[in-house]
Amino acid sequence: MEKIKLTESMTQPVKVFVKGKFLYNGKEKFYLKGVTYGTFAPDADGLQFPERAVAEKDIALMVSNGFNCIRTYTVPPKYLLDVALEHDLKVMIGLPWEQHITFLDDRSQKKDIVRRVREGARLCRQHPAVLCYAIGNEIPAPIVRWYGKEKIERFLKELYHAVKSIDPETLVTYVNYPTTEYLDLSFLDFDCWNVYLETPEKLGSYISRLHNLSGDRPMILAEIGLDSMRNGHEKQASVLRWQIETIFGKGCAGMFVFAWTDEWWRGGFEIEDWDFGLVDRQRNPKPALQAVSDAMQCIPVPRNMDFPFISVVVCSYNGSATIRDTLEGLQQLDYPHFEVIVINDGSTDNLAAIVKEYPVKLLNTPTNGGLSNARNMGMNHSRGEIVAYIDDDAYPDPQWLHYLAYAYRTSTHDCMGGPNLAPFEDGPIATCVANAPGGPVHVLETDEIAEHVPGCNMSFRREALLRIGGFDPIYRAAGDDVDACWRIQKSGGTIGFHPSALVWHHRRNSIKAYWKQQKGYGKAEALLEMKWPEKYNGFGHLTWAGRIYGNGCTIPLKLKKDKVFHGTWGSALFQSVYQPCDGLVNALPLMPEWYFVVAFLGMLSFLGLFWAPLLWALTLFIASLLVIVLQAFTSAYQNTLLPRERRKWKYYLLIIVLHIIQPVARLYGRLKHGLTPWRKRGSKPARKFLFMLRPQVLTYWSETWQPIEEWLTLIEKNLIGSKTRIQRGGDFDRWDIQLRNGIVSVNRALLTIEEHGAGRQFVRLKTWTLPSRSNFYISGFLVLLCILALVNEAWMVSGILAILISVIVGEYIADTAVLLNNLDKAFREAIPGTTPVKELAEVSTIQQENPVYVVVHEEPEKENFFTGKGRFVNAFRKKWFRA
C-alpha cells in the first residue's frame with residue numbers, strides 16, 4: 001500500500017499550533033527536537049547570549065545535527081531570532097522573573113512581574129521564529145506550598161492572559177517539574193516538564209503519568225540530560241539515546257536536551273562543576289551529540305524495531321457519509337506493514353461503491369448481521385499479528401499504527417487502545433456533544449493499564465482475540481468492546497493504553513442523534529448486565545474499577561477537598577493530588593437512577609396537596625433538581641475544552657442541557673431492555689422458598705475431598721453462570737458470599753466443613769436474607785408516613801402509601817425466593833457426586849457405615865434475624881467427634 005509520509009521541514013515562517021496531542025506547522029506535524037541554549041555570562045550591556053558570530057556557528061551546528069528548535073531561559077536579542085529564522089529554527093522563549101522568592105507578598109512586585117512578562121512578549125511579538133513563550137520555570141515547591149496551589153494557579157493564569165493580550169496567536173506554556181505536578185494548569189496551550197530519570201522503566205512510567213495529567217493536550221519534556229563530568233561521555237551518550245527513543249515512543253510531542261554547551265552561568269557565577277552540554281566550552285562535540293542526532297532521525301519510534309504486520313478492520317453499516325474520511329486517513333498512515341479490511345455489513349446505501357475506489361479489501365455480507373459479527377469476520381480474514389479496529393466515522397493520526405506497534409513490542413498486553421478526539425472541522429453542535437457525557441472514553445486502572453478502551457480505537461493480539469472467541473454476536477451496535485475487554489481480563493490478559501495512538505472521531509451533529517445514541521448505549525448496558533451482573537450495583541449502574549478519563553464527564557459536587565501529598569516538611573520529590581473517594585452522597589446523583597429519587601420526591605410533593613404535612617417534600621424535590629442543574633453547570637465550566645472561537649455562552653448552555661438529558665436517555669434505554677432496580681436474574685422464584693425468611697442450612701456429604709476455597713470457588717462460578725450478582729466477603733466479614741438482584745434484599749452465605757477422614761467431608765452452608773439498607777430506610781420511612789397519615793385521617797394518602805409498602809414487601813419476598821433458589825442450585829452443582837443430607841436420620845446412616853464417628857445432638861441457640869444468626873431449619877445442630 002502506498003504511504004504518504006509526514007515531513008518535518010519548516011520552509012515557511014508560519015505559526016505553530018496545537019492539534020490534539022501534537023504541534024503542527026501548517027499541515028505538517030512538528031515534533032520538537034530541541035536543545036537548551038544558555039544562560040551565558042552577561043556582557044557589558046547585561047545581555048546573556050554570545051555574540052552573533054558565535055550564535056551563528058552554534059545554530060548551524062545544531063541544524064546540521066537535526067535540531068529544529070532551541071529553548072532560551074531569558075528573552076533573546078533580535079539577531080538571535082533572525083539567525084534562527086534563517087536556519088528554519090524555532091525558539092521557545094523563557095520570560096524570567098523572581099519565582100524563587102515570595103513574589104506575591106508585595107502587590108507592586110506582582111504588578112511589576114506581570115509588566116515585565118508582557119514587555120518580554122512585546123519585544124518578540126509576531127517574529128516568525130518564535131515557537132512559544134514559557135511564563136515560568138519550576139517555581140520552587142516550598143514557595144508553592146507557602147501560598148497554596150490555588151494562588152499560584154491564578155497568578156500563572158494571569159501571566160498567561162498577559163502574554164496573550166500582546167501576542168494572541170503564539171502558544172504559551174509553563175515548565176513544571178515533578179515536585180509540583182499537582183498544579184492544575186489546563187488553561188495552557190500545552191504542558192512542559194523538566195524530568196531527570198535515569199532508567200528506561202522509571203522514565204517510561206512517569207511519561208505515562210504525565211500524559212494522564214495533560215489529557216488531550218501535547219506533552220513536552222523541556223529538559224532531559226546527564227552530567228558527563230560525573231558519568232563519563234559514553235554513558236551520557238548512551239542514556240540520551242534511550243531517553244529520546246523512550247520519549248518519542250511514548251508519544252511526547254517533543255523534547256529539549258539540556259544543554260547545548262557546558263558553558264553555564266547562573267546566579268552570578270560560572271557553573272564549572274557540571275558538564276551537561278552536547279559540546280564542551282570550546283564548542284567541541286561530545287559523543288552525546290552524535291547519539292542524540294542519530295536518535296532524532298528515528299521519530300516517532302526506532303526504525304530498527306521489529307514492526308508487526310497489522311490488519312486494520314473497518315466495519316460499516318450505511319456509513320457512506322463518513323467512511324471516505326476514514327479511508328483517506330488510512331491511506332496516509334506512516335507504517336511499513338499493514339492491510340485494510342472493510343466489512344460492508346449489509347449496507348443499503350452506496351458504501352460499497354465508495355470503498356471500491358480505494359486499494360483495500362472489501363468483504364460484503366448479504367444482510368445486516370450486527371457490529372460483533374462484522375468484527376469477527378474482519379478477525380477471521382485478517383493476516384496480521386495485530387488486529388486494529390477503527391469506526392467508519394473516525395480517521396487515524398498518521399502515526400497511529402507506529403504507536404500501537406511500539407506499545408505491543410514493549411509490553412505483554414493482549415489489547416491496546418488510545419484516545420479518540422473530536423475533529424476541529426466538525427460543527428459547533430458536534431463540538432458540544434464531544435464535551436457532553438456518555439461519549440466513548442477510556443477507563444484506566446493505572447497510568448498504563450486500562451480496564452476498558454472504546455471500540456472506535458482498539459486493537460488486539462490476534463491470538464488473544466481468537467482465544468476468547470472473538471466478539472459476542474448479541475451486541476449488534478454497542479457494548480461489544482466492553483464485553484471483549486472484560487473477557488480479555490478474565491482470561492488472564494491485560495489491556496494497555498497509549499495516549500498518542502489517537503484517532504479523530506466524529507461526534508453526533510444533532511441533539512436528536514445524540515439522544516438516539518445514548519438510548520442505544522442504555523440498551524447495551526442492559527445486555528451487558530445480563531452477562532456480567534457482578535459488574536453492576538443494585539440500582540443497575542455499572543461500577544468501574546478504574547477511573548474514567550476524557551472531557552464531558554459529569555463532575556460530582558465535592559463535599560471534601562482534594563489533598564496534596566507533600567511529604568514530611570514538603571520533602572517529597574513527586575508531589576501529587578489525592579482525590580477523596582466519592583461516597584454514596586456524591587455518587588448517587590451521577591447515576592441515571594437519580595431521576596427515580598426525583599420522581600419519588602415529586603410524588604410525595606404531589607400527595608402534599610391532599611395532606612399538608614407532605615408539602616415539606618417539595619423542598620427536597622426542588623433540591624434534587626438543583627443538584628442535577630448544579631452538576632451540569634459545574635461540569636460544563638470545569639470539564640469542557642472548546643476552541644477559542646466557540647467559547648460562547650450559547651455553547652456552554654447547550655453542553656449544560658446535554659448533561660441534563662443524557663442520563664434520561666440512558667435510563668430510558670436501560671428500562672426498556674430490562675435493566676431495572678427490580679430486575680430478577682438467575683432462576684425463577686421457587687415455591688418452596690417463598691415466605692422462607694428465616695436462616696437456612698444446606699448440608700451435603702461428600703466422598704470427594706476439596707479445600708474450602710475450592711468449594712466456594714465452584715459455588716461462586718455456578719452463581720455467576722446463573723447470572724446472579726455476587727460479591728466475595730472481605731477480610732473483616734463473617735460471611736463468604738453475598739448475593740443480590742435488585743435493591744430490596746441481600747442474601748449472605750457462610751460455608752464450613754467437617755473433616756471425617758479418608759477424604760470424606762460434611763459440608764454445611766448457612767444462608768440468610770436481609771433487607772438491603774436502602775429498603776430498610778425507604779420502607780421504614782413509608783411506614784412512618786403511613787401511620788402519621790392514618791392518625792391525621794388522610795385516608796387517600798395512607799392508602800397510597802400502604803400500596804407502596806405492599807409492593808416493596810412483595811418484591812422482597814419474591815427476591816428472597818429467587819436468591820435462595822439460585823444459591824441452592826449453585827450449591828447442589830458444586831461437586832458432582834455429592835449426597836444431599838436433609839434429615840438427621842441420613843446422618844445416622846452415614847455414621848453407622850463409619851463407626852469410628854459418633855453424632856452428638858445439641859439444642860440450637862436463638863439468633864437474631866437482622867444479624868443473620870437466626871435458628872436453622874435443621875431441628876438440631878450436629879457435631880462429630882472422633883471416638
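1. Because the model is predicted, local features are considered at pLDDT of at least 70 and side-chain atom pairs at pLDDT 80 or more, while totals for chains, interfaces and linings use all residues. Residues are numbered from 1 along each chain as its sequence is written, and side-chain values use heavy atoms, with hydrogens and water left out.

2. Helix α1 covers residues 52-64, and its end C-alpha atoms are 18 Å apart, in agreement with the 18 Å that its 13 residues should span at 1.5 Å a residue; the expected span is 1.5 Å times one less than the number of residues. Helices (H or I, at least four residues) and strands (E, at least two) are DSSP runs, numbered from the N terminus.

3. The buried residues of α1 are Ala55, Asp58, Ile59 and Met62, and they fall within an arc of 95° seen down the helix axis, so they line one face of α1. The arc is that of the directions from the helix axis to the C-beta atoms; buried means under 20% relative accessible area, exposed over 50%, and partly exposed in between (1.4 Å probe, protein chains only). On the other side of α1, Lys57 and Ser64 are exposed, whereas the cover over the buried residues includes β4 (32-36), β5 (69-72) and α2 (78-86).

4. The structure holds 38 salt bridges, each a side-chain nitrogen of Lys or Arg within 4 Å of a carboxyl oxygen of Asp or Glu. One of them joins Arg209 to Glu181, with the closest N and O atoms 2.6 Å apart; this pair links helix α6 (residues 200-214) with the loop between β8 (171-176) and β9 (191-194), 28 residues apart. Arg209 is partly exposed at 23%, while Glu181 is buried at 4%.

5. Between Arg241 and Asp294 the closest N and O atoms of the salt bridge are 4.0 Å apart. Arg241 lies in helix α8 (residues 233-249) and Asp294 in helix α9 (residues 287-296), so the pair ties together parts that are 53 residues apart in sequence.

6. Arg462 lies in helix α15 (residues 462-467) and is partly exposed, with a relative accessible area of 21%. Beyond its neighbours within four places in sequence, Arg462 is in contact (heavy atoms within 4.5 Å) with Met379, Asn380, Ser382, Gly384, Glu385 and Val387.
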